[in-house]
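Subject: Structure handover

Hello,

Here is the structure we talked about. Please open it alongside this note. My findings follow below.

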Amino acid sequence: MKNLPLSFAERMQLQLGEAFPAFETAMTLTPPVSIRANMAKLEQPLGLPHVPWSSQGYYLPERPLFTLDPLLHAGAYYVQEASSMFLEQALKQAVDVTEPLRVLDLCGAPGGKSTHLASLLSAESLLVSNEVIRSRATILAENIAKWGSGNVVVTNNDPRDFQKLPEFFDVMVVDAPCSGEGMFRKDPQAMEEWSEENVKLCAQRQQRILMDVWPALKPGGVLIYSTCTWNTAENEDNIAWLAQQEGAKSLALELEASWGIVPGEQQGVQGYRFYPHQLQGEGFFLAVIQKSGEGAVNGTSGKRKKYKLALAGKKEKALVESWLKNTEELEWLQYGDYISAIPANLFEEVDTLYQNLYVLQAGTEVAEAKGKKLKPQHQLALSQQLSLNEFDTAEVSLEQALRYLRKEDIQLGGSGSNWVLLQYQGYTLGWAKQIGNRMNNYYPKEWRIRMELPAVVEEEQLFSLTRYLERF
Ligand SMILES: C[S@@+](CC[C@H](N)C(=O)[O-])C[C@H]1O[C@@H](n2cnc3c(N)ncnc32)[C@H](O)[C@@H]1O
């Protein structure tokens, strides 16, 4: 690794004192590799060491070639840096996650925190997963679709747009764009782009983001702020400034000493820092603040005259209703030829989002209905609520799975004309259509694996998380 920038090293020396040499050495080591399991899909625990502060996080012994593991594409897990999974502690300690909550993940792409939140929240809760940059928002929508939760709305908005939703959210997560000091050993580019000037610019941008989105938080609501940088300008200074402007209080979190997380109070802000010489993870900072005032009840503001959302027609609904489980808890929507499902208790909220924001994806897109012809949608295939019994399935080999995910044609030797869900080791990958003895590949083009496959595809040669499943 290149030398650390001088002024950064000097600051860290002051910040860490005697521990600085250990920090400097740790910055030259290979970063640990961790994943977060989608327990709604994996079901069995993994025989791997746990990330201590997350019920769903695990360390792998080394970095495998994740791209060629069909389970990754099935949304059975997400590759995520371990320190970031501390969000779980912040959320569980600051709010009651068994209650229905309205949660905003403001800086959401590519989806690490959002998929984690989706796993932690109750099915009655609403998660709005937002990303301001369009191309990144598309990737966020893909990862949310793969995760398969039915109560997530993906939006593509600037933080200030959320002012149209005053006091709407119980919880907001702001995982802010930052100078990335904590990423130096994982991403050397972050070190090249770092400068004191850039730290200042990042801090100003973070203040703007916080100020813009703050009105959308309910009185009594909680904001979880995180960065992957260690300096105070981008961390405590911002939170102290916001707390002072807006009258908010900092919340303390309980830690286990063995986790190695460093708590500290500066300017009345309780902050939690992650250093690579003290734990298995990259650099990270997190703080939680609570807006003053009493929490408003999660109601909507009376009956609206005109909804933007349209309910699916009776005929269309009857055709697809059995495709998802717990259908009595769902509301079926139609937009042009497209039919989707959202949790029925979230109808008003989702409508409010459509009225005020640029929504990319809401709930589960189920089918395209053209006359009597139905084309099942990819989000349905990956939904945690999919009624598998309603469809034909075909188990494929590793090579067939990878060829399918590359959007190549594969032949399974069937006949007839029907939609088939392709599965690898029981994990659903997506749709294909049998037409005579041909199998048409319906994997979304934008999602396809672009890398070449090895000349010989063998399970023993390639990584799959199934290797670590504790089967009983
Ligand atoms: C640290 S990343 C978020 C990572 C994400 N939370 C996760 O866990 O996968 C910060 C995100 O903020 C977005 N961003 C950049 N400028 C922004 C701005 N002015 N307002 C809001 N978000 C911004 C970036 O595009 C990026 O996706």
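Does Asn326 count as buried or exposed, and why? Asn326 counts as exposed because it has 12 C-beta neighbours inside 10 Å. The cut-offs, with C-beta atoms placed from the backbone, are these: buried means 20 or more other C-beta atoms within 10 Å of the residue's own, exposed means 12 or fewer, and partly exposed is in between.

Two notes on the source. Residues are numbered from 1 along each chain as its sequence is written. The model is predicted: local features need pLDDT of at least 70, side-chain atom pairs count only at pLDDT 80 or more, and totals for chains, interfaces and linings use all residues.

Elements are DSSP runs numbered from the N terminus: helices are H or I with at least four residues, strands are E with at least two.

**Backbone exceptions**

Most residues other than glycine have a negative phi, and most peptide bonds are trans. Asn326 has a positive phi of about 50 degrees, although it is not a glycine. Asn326 sits in the loop between helix H11 (314-320) and E13.

Lys407 also has a positive phi, near 65 degrees, and is a residue other than glycine. Look for Lys407 in the loop between helix H14 (398-405) and strand E19 (417-424). Lys407 is partly exposed, with 17 other C-beta atoms within 10 Å.

The peptide bond joining Ala109 and Pro110 is cis, with omega about 5 degrees. Pro110 belongs to the loop between strand E4 (102-105) and H6.

**The four-stranded sheet**

Four strands make an open sheet, in the order E13-E14-E16-E17, with antiparallel pairing. Strands pair if DSSP finds at least two bridges between them. E13 (330-335) and E17 (373-376) are the edge strands; each has a single partner strand, so one side of each is left without a neighbour in the sheet. On average, neighbouring strands of this sheet are turned by 30 degrees against each other, direction ignored. For that angle, axes are lines fitted to C-alpha atoms, for helices over the stretch in contact; in general, angles run from 0 to 180 degrees between N-to-C directions.

Now strand by strand:

- E13 and E14 are antiparallel and share six bridges. Leu330 has Pro343 in E14 as its bridge partner. Their hairpin has two residues between the strands, and Gly336 there takes a positive phi near 60 degrees.
- E14 (338-343) is mostly covered, with five of its six residues buried.
- E14 and E16 are antiparallel, over four bridges. Ser340 has Glu365 in E16 as its bridge partner.
- E16 (364-370) and E17 run antiparallel, joined by four bridges. Ala369 stands opposite Leu374 in E17.

**Domains**

The domain assignment gives domain 1 (6-291), domain 2 (314-382) and domain 3 (391-452). These bounds come from an automatic or database domain assignment. The centres of domain 1 and domain 2, taken over C-alpha atoms, are separated by 30 Å.

Between these two, 22 residues of domain 1 are in contact with 20 residues of domain 2. Contact means that C-beta atoms, placed from the backbone, lie within 7 Å. On the domain 1 side, the elements giving two or more residues are strand E5 (126-130), helix H7 (134-147) and strand E6 (152-155). H7 gives the largest share of that side, five residues. By class, that side has ten nonpolar, seven polar and five charged residues. Nonpolar covers Ala, Val, Leu, Ile, Met, Phe, Trp, Tyr, Cys and Pro; charged covers Asp, Glu, Lys and Arg; the others, Gly among them, are polar.

**The ligand**

Which residues come nearest to the ligand? Of the 17 residues around it, they are Cys107, Gly112, Lys113, Asp175 and Pro177. A residue is near a molecule or strand if its C-beta atom, placed from the backbone, lies within 6 Å of it. Helix H6 (112-120) and helix H9 (196-213) are the elements that give two or more residues to this shell. By class, the shell has eight nonpolar, four polar and five charged residues.

Seven of the nine residues of H6 are buried, so H6 is largely enclosed by the rest of the structure. Gly112 and Lys113 are among the buried residues of H6.

**The segment after E21**

Glu458 lies in the segment after strand E21 (438-441). Glu458 counts as exposed, with 9 C-beta neighbours inside 10 Å. Its C-alpha atom is separated by 7.6 Å from that of Glu399, 59 residues apart along the chain.

Best wishes
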